[in-house]
Amino acid sequence: MRRGRVVFDVQPGSSIGLPLADEDLTVGKSFAYCVERFGPRRALVFEGRSWTFDELAADVDQCARALIAAGVGKGTRVGVVLGTRPEFAALAYAIAMVGGVCVLISTFSTDEELDWIVRHSDTALLVTHSAVRSRPVARDFVSRHPAIVECERGMISDLALPYLRRVVVVANDDSALDPRLETWDTFLSAGNGIDPGLVPARNAEVAPGDDAILLYTSGSTSIPKAVLHAHRAPTIKGFRMADCIAIGEDDRVWSSFPVFWTAGWVTAIAAPLLVGACAVLQEFYEPHEALALIERERVTCVRQIIHDEMRLVAAHAEHPSDLSSVDVGVVTEALRSLTSVPAGITDLCGWGMTETFTNATMLPLDAPYELRLATMGRPVPGDRIRIRDRETGAEMAANELGEITVAGMTLMRGYYKADPALPTDAAGFLPTNDAGFMTPDGFLVFAGRLDRLIKTAGVNVSPVEIEERLLDWGRLGTCAVVGVPHPTLGSAVVLCAARRSADDVSVDEIRSYLQSNLSTYKVPKRVIFYDEAEFPLTVNSKIHIPVLREQLIARLLEDDIDADWKEQLRSEFGSGYRRSR
């Protein structure tokens, strides 16, 4: 057990082992729990300034009264386009307390995507930065929707955005400000005339099953799915995450996850606050700034996706920093060597999705390393996992590969404006398009996306298994395994990999390592080296497999591969297949 880890005192009214009763599992009531328990302790750090829990509570209360003054009530959609900063935390908790719905909007959104989400979500109040990475988001929004400034104090009459009535701007770049738009300070001051007792009165009437958060998935589809969650899901997962990564009052937590992800909301904000830890905030991820922040604030817990973590390691090579305070949360061996993370400890092991508000299965940090390497843990209390045959719908026995389906207390309420809103199967479980199986002991083994499974020589191969073996090896950067049509194998297993340096690992070394750790048919037929920057990414910084596959096929068509293989690729994809998009 890590030093300082919090052990929850289970509330008698809790059915799943939490310090809040089932009827109190709301975002607002969980925040009140934090403040009551940890009031004078430091809650947030941002750009050299810190907030105690009591000070953050005062900001949340002021923001909540401003929301009431702006007409936000039960179910009102409030769009939020903010980075990881104190205003986000204050606003998110305030929306929850007054019964509104927080619409989390990616700061990576294009102009077209932002307009589409504001319209689709029925956002009534939009809170945005003046600039996102030097892009003047608010000013550009005004230029597209001039009706925003035609009425006093931002009251809008725009038929293209029929529910939007107000825009508020958090000034993070004075050069990008539009003086015609309402500022954050002006917005807050409007709450001064609201009875302070109205906020706790509203909070008391919010139920765990009420709508709380609406967020938009992004990936290979052109139109994102709108995932609507009730209060119960983010509240439960905040406690579960803190317990799984073993953080407590002595910890200082930093994450590069953006807060418009469920993982960002939980890891960067909810989990640390729920156990009295300090959340160290960085508005937008930049690795050199992150290194300085981790060193200065003596961060103990770091959470990143592997792509961001490798950027951090590269930045450290340019400008070394003292990362010895970090003792949990590291993914790669390269970063582990710079920290105090014990050998054999990896980052959080678990499986989940936006629809389950992060992980539906987890392994505790102190689980045996072999178990962490092989499985994604057991379902957390409140979630249920079932493996089904995708064609028949029948439940699969232990160790039989099938589609992962999920149900339980943290499953989304549904896809907003979709029919059916909650597309569950006959057993009441949500199909996920993820492949896996359950061990006889009830642990989930994840085998990748069903549409990524590679059938080579009649046998299914999981790209994830190969990628995780290479990650554990630690001698390569980003890796992605892709299936490519092949004349005799059906599909060939091909590895796309980034070297750490020009003279680093060879193809023979890679194949030799995999041959000693995997069945022969799982060893890639071809290895193609990429630069880190060449990997196409989604806006969520995940490898965009469909685009990578297109690029890979173009590379193979130019490469020295078997004539029959090249002829098949030409016949299926054409000799002019594009190298990039």
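Buried here means under 20% relative accessible area, exposed means over 50%, and partly exposed lies in between (1.4 Å probe, protein chains only). This is a predicted model, in which local features need pLDDT of at least 70 and side-chain atom pairs count only at pLDDT 80 or more, while totals for chains, interfaces and linings use all residues. Residues are numbered from 1 along each chain as its sequence is written, and side-chain values use heavy atoms, leaving out hydrogens and water.

**View A. Arginine 452 meets glutamate 467 in a salt bridge (a side-chain nitrogen of Lys or Arg within 4 Å of a carboxyl oxygen of Asp or Glu).** The N to O distance is 2.7 Å. The two residues are 15 apart, with arginine 452 in the loop between strand 20 and strand 21 and glutamate 467 in helix 14; helices (H or I, at least four residues) and strands (E, at least two) are DSSP runs, numbered from the N terminus. Arginine 452 is buried, at 18% relative accessible area, and glutamate 467 is buried too, at 17%.

**View B. Glutamate 509 pairs with arginine 475.** Here the closest N and O atoms are 3.3 Å apart. Glutamate 509 is partly exposed at 33% relative accessibility, as is arginine 475 at 29%.

View C. Aspartate 122 is buried, at 15% relative accessibility.
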